[in-house]
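Here is a colleague's note for you to read beside the sequence and the model. Please keep both in view and look up each residue as it comes up.

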Amino acid sequence: MEQNKILDKLHIELISPISEGGMGVVYEALQHGTGDFRKVVALKLIREEYSAIDEFRDNFMGEAKLVADLIHTNIVQTYHLGEMDGQYYMTMEFINGVNLAQFMRLQRNSGQYLAIDLAVFIVSRICRGLSHAHQKCGRDGRLLGIVHRDVGPKNIMIAREGDVKLTDFGIAKALDLMYNEEGHTIVGKDAYLSPEQARREVTDARADLFACGIVLAELLLLGNIFEDEDGDAQATRENIRSLEIPDFREYREDIDEKLNTILQLALAKDREQRFQTAIEMLEELEKYIYSDGYGPTNEKLAAYLAELLP
């Protein structure tokens, strides 16, 4: 009842829940304005009991502050952070589509592999968004040092128009804005950690590139090579730390030497041997899919998604 009063004051009408977690709920909503103005938005609402806890509230506000100026076609945009009667909320760009976990589930149900060029295209767009975030500077010109730390299928959206967007910077770190103390805790989802995250080391932008490598391999093979088959988190983290990276050509015959090399570089255990920047990884992915002069586009991905969706 209290939530409804808050939404009425904000001129927000809930349509349906999009996702729900322990800390809050994300809704599809309508933002109403003067003269019958209406805009579809995503409303991220922190649960009332968590709004009162300093750590959760600070993380929620930290995410909004961090992404407020990350305006990029491959990053979900944040419009507003607010608080009313002790409950915190965030309005964001609404993406009419699916997340990458849902997309891969649809792909598995089709009984076929995803075309290689589309798999590479999807990850190249994530690298574009990450490059923007990693290079972002504050108003004083200082590099913010943003590291997402949670790049994975549930945080990658594919719109029906074919746009690929990175979302949920809730556990990202940046200069003067970091609420998870690295070195003591593991931050991120176990199956998409970098080796340095799994070892509880301090991360930099190269951790996100390892996660991109995991996502690319999963799109190509429709399975995560590091995830323990029994779902044991400790075993998964040990696989990330020590599992020898395979020759991917042995898993799928249309993976060629060039793509296998890209995967090996992205998944190098030693970050000094990995791609050093998102733009470097992006360039290699784009050279791979566009070397013949024409390659996948948003429109091609949109048409393919329309075929997969019921």
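**Notes on salt bridges and cores**

1. Because Glu284 and Lys287 are three residues apart in helix 10, about one helical turn separates them. The two form a salt bridge in this predicted model, and their closest N and O atoms lie 2.9 Å apart. Glu284 is partly exposed, at a relative accessible area of 29%, whereas Lys287, at 51%, is exposed.

2. Which residue forms a salt bridge with Arg125? The partner is Glu286, and the closest N and O atoms of this pair are 2.3 Å apart. Arg125 has a relative accessible area of 10% and is buried, because the cut-off for being buried is under 20%; Glu286, at 25%, counts as partly exposed.

3. A further salt bridge joins Arg237 to Asp190, with 2.8 Å between the closest N and O atoms. Arg237 sits in helix 8 (residues 233-242), while Asp190 sits in the loop between strand 8 (164-166) and helix 6 (195-198), so this pair ties together parts that are 47 residues apart in sequence. Is Arg237 buried or exposed? With a relative accessible area of 18%, Arg237 is buried, whereas Asp190, at 25% relative accessibility, counts as partly exposed.

4. The pairs described so far are among the 17 salt bridges that the structure holds. Salt bridges can also be joined to one another, and one such network links Asp204, Arg206, Arg271 and Glu272.

5. In soluble globular proteins, nonpolar side chains tend to be buried together. The largest nonpolar core of this model has 66 residues, and the members that touch the most others are Phe103, Phe169 and Leu219. If residues up to four places away in sequence are left out of the count, Leu219 touches Leu100, Phe103, Met104, Leu114, Ala119, Ile122 and Val123. Apart from this core lies another one, made up of 13 residues, including Ile46, Phe60, Met61 and Met92.

Methods
Residues numbered from 1 in each chain as written. Predicted model: local features only at pLDDT ≥ 70, side-chain atom pairs only at ≥ 80, totals over all residues. Heavy atoms only, no water. Core = buried A, V, L, I, M, F, W, Y, C linked by side-chain atoms within 4.5 Å. Buried < 20%, exposed > 50% of the residue type's maximum accessible area, 1.4 Å probe, protein only. Contact = heavy atoms within 4.5 Å. Salt bridge = Lys/Arg side-chain N within 4 Å of Asp/Glu carboxyl O. Helix = DSSP H or I, 4+ residues; strand = E, 2+ residues; numbered from the N terminus.
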